[in-house]
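Let's walk through this one by asking what each label rests on. Have a look at the sequence and the model first.

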Amino acid sequence: MPMMLMMLRRGLAALLFALLAGSGLAEAPWPNPLIPQRADPHVMRHTDGWVYLMATVPEYDRLELRRARTVAGLAAAEPRVLWRRHEQGPMSRHVWAPELHFIDGRWFIYFSAGEAAEPWKIRLWVLENTSPDPMQGSWVERGQVKTAWDSFTLDATVFEHRGQRYMAWAQTDPAAGGHGTDIYLSRMASPTRLEGPQVRLSRPEYAWEQVRHRVNEAPAVLVRGGRVFMSYSAAGTGAEYCLGLLWAEAGADLMDPASWRKSPGPVFTSSAERGIYGPGHNSFLTEPDGTVLNVYHARNYRDIAGDPLKDTGRATRVQPLGFTADGMPDFGRPLPETTPP
């Protein structure tokens, strides 16, 4: 009974915090933004008790890792540079969207990168480290993660469900023409190799997914309450950037596109009232008390001169994720800033 009471109290506390966050009334234990000038944040908690964060740096030239015992501690954590881009050839430009994963007793970083001679020849790459501590040891390049087509490819994430490991990512279908990206899923034969086939889960079919660019990208996975949720980012990277949502029943065949449903509208968007614009490219982190955190990037201004990709104002932000009575994620609205960027 005491254990059940403790779990109930934790659940009620998490629910209250999430509801207050949605109204903008909660005061989080971390600053907002958490880290300035860091886009595409990915956060994970390891069994060693550390919380790790990786993100895209504004120079697009390196991979850095920071860690702390709490999410709030990440704000002051000293980043460690693990790898720098090549001068020429593969992995020499546009180093984007790194994710840290611990698989089969080893550390892996998945990231996207282009080439100096062809900056938009962006593909998926992976590094490996066998050290128990990812801040130590050597990061070895394991090469490109090959997909069915050799085309514009980015934003890979890896997750395990019911004993099967999957990779989800964004890619341009060469047969479709244009430069848009869709969301794809494949089983993994190993941490560095896919096991076909790959299936398309989503494409930018709605008007809100086609502003500035026809884009579905940056999948992030949360398994909760008997469902597999996959958020993704849509449209261009200015104030139009937003999150959409896919979901499937936990017992369904995830490799069957028919198993997945899609939100007809965006689930997380800019808020002029709160001064937060272009929220997207998120990851999820479940706290020990069961609270689910939405970790994402956004700017505190709407208007951008020139290409938004060259604007360095995206910052990493964190807020609790709410849930509806039927178990669906309720992203609410971006929280207003509490600290200057």
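Q: How do you know that β2 and β3 pair, and in which sense?
A: Strand β2 (residues 51-56) and β3 share 3 bridges, in the antiparallel sense. Strands are DSSP runs of E, at least two residues long, while helices are runs of H or I of at least four, both numbered from the N terminus. Two strands pair if DSSP finds at least two bridges between them, so 3 bridges qualify β2 and β3 as a pair. Within β3, Arg-67 is the bridge partner of Tyr-52. By the way, this is a predicted model, in which local features need pLDDT of at least 70 and side-chain atom pairs count only at pLDDT 80 or more, while totals for chains, interfaces and linings use all residues. Residues are numbered from 1 along each chain as its sequence is written, and side-chain values use heavy atoms, with hydrogens and water left out.

Q: What makes β3 and β4 a pair?
A: β3 and strand β4 (residues 80-84) are joined by 4 bridges in the antiparallel sense. One of the β4 residues, Arg-84, is the bridge partner of Arg-62.

Q: Why is Arg-62 called buried?
A: Arg-62 has 14% relative accessibility. Buried means under 20% relative accessible area, exposed means over 50%, and partly exposed is in between (1.4 Å probe, protein chains only). At 14%, Arg-62 therefore counts as buried. Arg-62 belongs to strand β3 (residues 62-68).

Q: Why is β3 described as largely enclosed?
A: Because 6 of its 7 residues are buried, β3 is largely enclosed by the rest of the structure.

Q: How do you know that Arg-62 makes polar contacts, and with which side chains?
A: Its side chain is 3.0 Å from that of Glu-59 and 2.9 Å from that of Asp-61. A polar contact is a pair of N or O atoms within 3.5 Å; within protein, one must be able to donate a hydrogen and the other to accept it, and residues adjacent in sequence count only if both atoms are side-chain atoms. The contact with Asp-61 joins side chains at 2.9 Å, so it qualifies.

Q: Which other residues are in contact with Arg-62?
A: Leaving aside neighbours within four places in sequence, Arg-62 touches Arg-38, Val-57, Val-81, Trp-83, Arg-84 and Val-95. Contact here means heavy atoms within 4.5 Å.

Q: What makes β17 and β19 edge strands?
A: β17, β18 and β19 form an open antiparallel sheet, in the order β17-β18-β19. β17 (277-286) and β19 (315-320) each pair on one side only, and they are the edge strands. Over 6 bridges, β17 pairs with strand β18 (residues 292-299) in the antiparallel sense. Gly-280 stands opposite His-297 in β18.

Q: Why is Asn-300 called partly exposed?
A: Its relative accessible area is 29%, so Asn-300 falls in the partly exposed range. You'll find Asn-300 in the loop between β18 and β19. Its side chain also makes a polar contact of 3.4 Å with that of Glu-337.

Q: What makes the phi values of Asp-155 and Ala-218 worth a mention?
A: Most residues other than glycine have a negative phi, and most peptide bonds are trans. Asp-155, in strand β9, has a positive phi near 60°. Ala-218, in strand β13, has a positive phi near 55°.

Q: Are Asp-155 and Ala-218 buried or exposed?
A: Asp-155 has a relative accessible area of 5%, so it is buried. Ala-218 is buried too, at 1% relative accessibility.

Q: Which peptide bonds are called cis?
A: The bond from Asn-32 to Pro-33 is cis, with omega near 10°, and Pro-33 is in the loop between α1 (2-23) and β1. The bond from Gly-196 to Pro-197 is cis as well, with omega near 5°. Pro-197 is in strand β12 (residues 193-202).
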